[in-house]
Amino acid sequence: MLEGKAYVKDTDMQLKMQAHAMDSASQALDLYDVVDCTSIAAHIKKEFDMAYGGGWQCVVGSNFSSFFTHSKGSFIYFSLETLNFLIFKGAAY
């Protein structure tokens, strides 16, 4: 696993889920090249779908904007290495 420190920029997740998000990101960075953001995001999404049920979304990159609605307690935005990670579960209407 990478030794880099993740910096949480914003979240409403419980601490245990936050740790899972950062661990999943670190694992993905060990498995995939840092420029393969699509594979990194897919890896994290699959991890969260398996652990917490379907409907998770993941965005990975060095520069992106977003605007979304999420389910309460399911949002985290953090950086690790040179990338930013946005993970959330879409809100049900």
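## Aromatic pairs and a helix pairing

In this predicted model, a search of the whole structure finds 7 aromatic pairs. One of them is formed by Phe 64 and Tyr 77, whose rings are arranged edge-to-face, with 6.2 Å from centre to centre and 80° between the planes. This pair links distant parts of the chain, since Phe 64 lies in the loop between β2 (56-61) and β3 (76-80), whereas Tyr 77 belongs to strand β3, and the two are 13 residues apart.

Helix α1 covers residues 15-31 and includes His 20, while helix α2 covers residues 37-52 and packs against α1 at an angle of about 140°, with the two axes 9 Å apart. Because angles over 145 degrees count as roughly antiparallel, α1 and α2 are described as oblique to each other. The crossing in which α1 passes α2 is right-handed. Sorted by class, the residues in the contact of α1 with α2 are 11 nonpolar, 4 polar and 1 charged.

| Helix | Residues in the contact |
|---|---|
| α1 | Met 17, His 20, Ala 21, Ser 24, Ala 25, Gln 27, Ala 28, Leu 29, Leu 31 |
| α2 | Ile 40, His 43, Ile 44, Glu 47, Phe 48, Ala 51, Tyr 52 |

His 20 of α1 takes part in this contact, and, leaving aside its neighbours within four places in sequence, His 20 is in contact with Glu 47, Phe 48, Ala 51 and Tyr 52. With Tyr 52, the side chain of His 20 also makes a polar contact of 2.8 Å, side chain to side chain.

Key. Residues numbered from 1 in each chain as written. Predicted model: local features only at pLDDT ≥ 70, side-chain atom pairs only at ≥ 80, totals over all residues. Heavy atoms only, no water. Helix = DSSP H or I, 4+ residues; strand = E, 2+ residues; numbered from the N terminus. Polar contact = N/O pair within 3.5 Å; in protein donor to acceptor, adjacent residues only side chain to side chain. Contact = heavy atoms within 4.5 Å. Axes fitted to C-alpha atoms, helices over the stretch in contact; angles between N-to-C directions. Parallel < 35°, antiparallel > 145°, perpendicular 65-115°, else oblique. Left-handed = near helix turned anticlockwise from the far one by under 90°. Nonpolar A, V, L, I, M, F, W, Y, C, P; charged D, E, K, R; others polar. Phe/Tyr/Trp six-rings, centres within 6.5 Å; stacked < 30°, edge-to-face > 60°.
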